[in-house]
Every structure is written in C-alpha cells, then in structure tokens.
Amino acid sequence: MNTRIKRFMDHKGITSSELADSIGVQRSNVTHVLHGRNKPSFQFISKMLEKYPEINAKWLIMGDGDMLERGATQSSPQLFPQNSPIPDVGSPPIKEEISSSSIKKPIEPILSESEQKQAATPDFVKKTEKTIERIVVFYTDQTFREYGPTK
C-alpha cells in the first residue's frame with residue numbers, strides 16, 4: 001500500500017509533510033508508512049479517503065482498478081454536481097433587534113485593592129515559589145520561539 005500512497009502523492013504533487021498536514025496525522029506517521037516501517041491504520045486510510053474523495057478506495061487498499069474514481073479530476077469535487085438536486089436548507093434565520101436595556105449586566109462585587117490583586121493572580125502562581133526558566137512558543141508552521149529571563 002505504501003507504493004500506492006507514494007504514487008498518489010506524485011500524482012497530486014505533494015510531499016509527505018503536506019499529506020500529513022492535509023489529513024491531520026503526524027508527519028512521522030506518514031514517513032513510517034511510506035518507508036514500510038508501519039502499515040497504515042484504518043484511521044489513516046479513512047482520513048485519506050475523506051480528504052481526497054477522488055481516490056479509488058479499492059485501488060488504495062487492495063491495488064485493484066484505477067487510482068482515481070471514474071470522472072475524477074485533479075480539481076476539488078463539486079459541492080452539488082450537475083443534475084443533482086440542491087437540498088432545501090429552509091429560510092434564513094430572522095434577526096431580532098436587541099436593545100441595550102434588555103441586556104442584564106452581572107453585579108460585580110466590590111473588592112478592596114489587595115483583594116483585587118489576589119483575585120487577579122492565577123492559582124498556579126499563588127501555589128508555587130518556583131521561578132520561570134524559559135517559555136517556548138510553538139507555531140503552526142513548525143517553528144518556535146524561546147523566551148528567557150532578561151539578564
């Protein structure tokens with residue numbers, strides 16, 4: 001199956017990282033599958049078929065038939081193909097006018113200055129005497145930034 005997945009990736013012109021990101025699995029998972037270390041799980045296969053509906057499932061799983069379903073193109077599938085009935089979604093919701101006088105505001109208790117400071121301090125800060133060594137922020141593009149105390 002790993003050779004068929006490689007063949008599909010070549011057809012789509014995507015890398016293993018792009019495949020992993022598009023189907024929502026870890027990049028190492030795709031790498032292990034492509035190199036034959038692991039066999040793809042049911043979840044892996046179902047995510048591929050869900051993301052890329054043009055793949056012929058029988059071809060992907062068993063190697064039978066053509067790689068793509070008949071009539072599939074490289075473009076994304078149409079939401080409502082020609083000659084298919086468009087579902088009735090009903091009428092749009094009615095917008096109601098809301099006046100500011102109809103909104104009830106919660107009553108906030110009056111606290112002393114020291115009580116306000118105590119209430120504003122998160123619990124994890126109150127319960128520990130430890131100091132922060134560093135903070136690492138991870139971004140969705142697989143980069144990160146590390147912050148430490150200023151010296």
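**Salt bridges, a core and a surface patch**

E146 is partly exposed because its relative accessible area is 44%, where partly exposed lies between buried, under 20%, and exposed, over 50%, with a 1.4 Å probe and protein chains only. I start there, but first the ground rules. This is a predicted model, in which local features need pLDDT of at least 70 and side-chain atom pairs count only at pLDDT 80 or more, while totals for chains, interfaces and linings use all residues. Residues are numbered from 1 along each chain as its sequence is written, and side-chain values use heavy atoms, leaving out hydrogens and water.

Back to E146. Its side chain meets that of R134 in a salt bridge, 3.1 Å from N to O. The two come from distant parts of the chain, 12 residues apart: E146 is in strand β2, and R134 is in the loop between α7 (123-126) and β1. Helices (H or I, at least four residues) and strands (E, at least two) are DSSP runs, numbered from the N terminus. R134 is partly exposed, at 49% relative accessible area.

How many salt bridges does the structure hold? Three, counting a side-chain nitrogen of Lys or Arg within 4 Å of a carboxyl oxygen of Asp or Glu. Another joins R27 and D21, with the closest N and O atoms 2.7 Å apart. R27 is partly exposed at 33%, and D21 is partly exposed at 46%.

K12 and E54 also form a salt bridge, at 3.1 Å from N to O. K12 sits in helix α1 and E54 in the loop between α4 and α5, 42 residues apart. Are these two buried or exposed? Both K12 and E54 are buried; E54 counts as such because its relative accessibility is 9%.

Next, the nonpolar core, meaning buried Ala, Val, Leu, Ile, Met, Phe, Trp, Tyr and Cys residues joined through side-chain atoms within 4.5 Å. The largest has 20 residues, and I5, F8, L19, F44 and M48 touch the most other members. Elements giving two or more residues to this core are α1 (2-12), α2 (16-23), α3 (27-34), α4 and α5. Neighbours within four places in sequence aside, I5 is in contact (heavy atoms within 4.5 Å) with residues including L19, V33, F44 and L60.

Last, the surface. I132, I135, Y139 and Y147 make a nonpolar patch of about 410 Å². Y139 lies in the loop between β1 (135-138) and β2 (144-147), and counts as partly exposed because its relative accessibility is 39%. Patch residues have over 30% relative accessible area and no salt bridge; like charges are joined within 9 Å, nonpolar side chains (Val, Leu, Ile, Met, Phe, Trp, Tyr) within 5 Å. Areas come from the Shrake-Rupley method with a 1.4 Å probe, and for residues only the protein chains shown count as cover.
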